[in-house]
Amino acid sequence: MNIATKDPNLSDDGHGKLIEEFAVTNTDYYERQFKAIGDSTRFTLTFNLVAALLGPVWFGARNLWKWFLPFVAVETFAVVQITRGLWGDLAAPFLRRLDGIEKTLELRRGQLEAARENAPDKVATFENAIASLERAVEGIKAEAQAAEETAVWLILGGLTVLVLVKIFQGVIANPAFEKRFTLWRSDRTLRAGLHPMQMAASASLALLTYVACAFKFGFPSQIEFLNGFPTDPAYQVTTADGIKAWMASAAISTEFFFDALSFGIKSILDALEILFVETPWPVMGGFIILMTGLSAGWRTAIFATAALAYLGYLGFWEKSMTTLALLGTAACISIALGIPLGIACARNQRLYAFVRPVLDFMQTMPAFVYLIPVIAFFGTGKPAAIVATMIFGSSPVVRLTVLGLRGVPKSVREAATAFGASKSYLLWKVDLPLAAPSIMAGINQTIMLSLAMVVIASLIGAKGLGEDVLEALQYASEGQGILAGLAILFCAMILDRIIQGRRR
């Protein structure tokens, strides 16, 4: 850093002492720059030569890490381009392709000679193939030559990018540093000054990034370590075998529990299938239209009538009702477990700290991955599909129940407590009514996510509309797939309107 002498024209007031404590070095320079930036209502053009020269190292040393990472990325790109232009073998990718084509060409020439002796009718075929391969060889050689000629442009491009980013770093440094100074004045927990460890970390990280990327793209064959992570395939095989053995053992030892759980799920599913599937279609259709009209309005009920007509006339009625039964089972269990769990998590921060990572895992893990343990413990069929749907869709109702209960104003709760409300009265008459919009949003999201699982659940034996979509994918039946997809869409829209209307 350029350490300047004390400017006698600057006052040694409290502001100057703050800048000296914050900046440590070049305090006179930064006092002038901060004053110029603070006095202007517009962007003040300044240039920090030290920041421009050191680049990301300066920004890291000054705790401006949000600038450090993009500047390292841009400078690394420039360094890589310069390295490739100076020392990189730009024709190597084309020459690797050329080697394989030349071997094929040599084989075809041998086949041509044999055909001239034994099969004259195939001579023309081999001659055309050889001519095509020769044209390909010439084209690749031309591409390799053109790639080598771009070296100078890579160097110039890299230098241009490097110069431009250095100019930008010098221009943005003082405003960014002044903004952090303003934040530091109101929040002294922010780190100020220069710390050797921080400066060393930023310098080491930037240097390591430049060198590693330069060698990887400029000299790919020099350091094999950079071309792939040093691992042994046996590690994966051993770990996978261990997991497989554990899951087999756990499935056998917990067979009674999961059989009982499957029986309970199937009991709920059978009851809902009787309700949705076995009920005469006019009764069920009228019931859905009535619910839509009462909840979301009679205009929406007209749309629901049209959607139900689509399901019926195109032969999707029974599969739609089967899908709704599967969805209803998964949603009922998810909601019945999720809302009490959300209430408990809202009242117990430690419990929520334990539950939240589990919810994150359930939402972020791809559905195809957790189908594997579900099949291992539940087998294939509808109970397994319902469990997989519950895993995928139960997170929102827990999260939004917690959010809604924590959003209840403390003043309202204190007023109810002051009038002698018990804990149960406080929960049922104050907290839950006020948190109801958020809880209903969680229920809506759980149902929508559960419906999104119908296609994936069909992979493990679930019936319904997802089965039609899966068959369309397997047999490339575009029309069937689009019709079944629209049927799923209409089911989702009807459910969404009913629930959203109830929220309002």
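How much space does the largest pocket have, by volume? About 710 Å³. Here a pocket is an open set of points on a 1 Å grid over the protein atoms alone, with protein on both sides within 12 Å along at least five of seven lines. A volume is the space filled by probe spheres set on the points, which are joined across faces, edges and corners.

## What kind of model this is

This is a predicted model, where local features need pLDDT of at least 70, side-chain atom pairs count only at pLDDT 80 or more, and totals for chains, interfaces and linings use all residues. Residues are numbered from 1 along each chain as its sequence is written, and side-chain values use heavy atoms, with hydrogens and water left out.

The chain averages a pLDDT (the predictor's confidence in each residue, from 0 to 100) of 85, and 96% of the residues score at least 70. Over residues 1–12 the pLDDT is below 50, and this stretch has 20 contacts in the model beyond near neighbours in sequence. Contact means heavy atoms within 4.5 Å.

A lining residue has an atom within 4 Å of a point. Helices H11 (255–278), H12 (281–296), H13 (298–313), H14, H20 (423–452) and H23 (478–503) each give two or more residues to this lining. Helices are DSSP runs (H or I, at least four residues), numbered from the N terminus. By class, the lining has 24 nonpolar, three polar and one charged residues. Ala, Val, Leu, Ile, Met, Phe, Trp, Tyr, Cys and Pro count as nonpolar, Asp, Glu, Lys and Arg as charged, and the others, Gly among them, as polar.

The second largest pocket holds about 420 Å³ of space. Of its 20 lining residues, Val358, Met362, Met390, Ile391 and Ser394 are the closest to the centre. H14, H15, H16 (367–378) and H17 each supply at least two residues of that lining, which has 17 nonpolar, three polar and no charged residues.

What about cavities? A cavity is a set of points where a 1.4 Å probe fits but cannot get out. The whole structure has two of 30 Å³ or more. The largest cavity has a volume of about 90 Å³, and H14 gives the most to its lining, with four residues. Lining residues of this cavity include Thr323, Ala385, Ser450 and Lys463; the lining divides into eight nonpolar, three polar and one charged.

The second largest cavity has about 30 Å³ of space.

## How some helices pack

H15 (residues 349–364) and H18 (residues 395–406) pack at an angle of about 145 degrees, with axes 10 Å apart. Axes are lines fitted to C-alpha atoms, for helices over the stretch in contact, and angles run from 0 to 180 degrees between N-to-C directions. Tyr352 and Arg356 of H15 and Pro396 and Arg399 of H18 are among the residues making the contact, which has five nonpolar, three polar and four charged residues.

H10 (residues 233–253) and H16 pack at about 40 degrees, with axes 9 Å apart. Met247, Ala250 and Ala251 of H10 meet Ile372, Pro373, Ala376 and Phe377 of H16. That contact has seven nonpolar, no polar and no charged residues.
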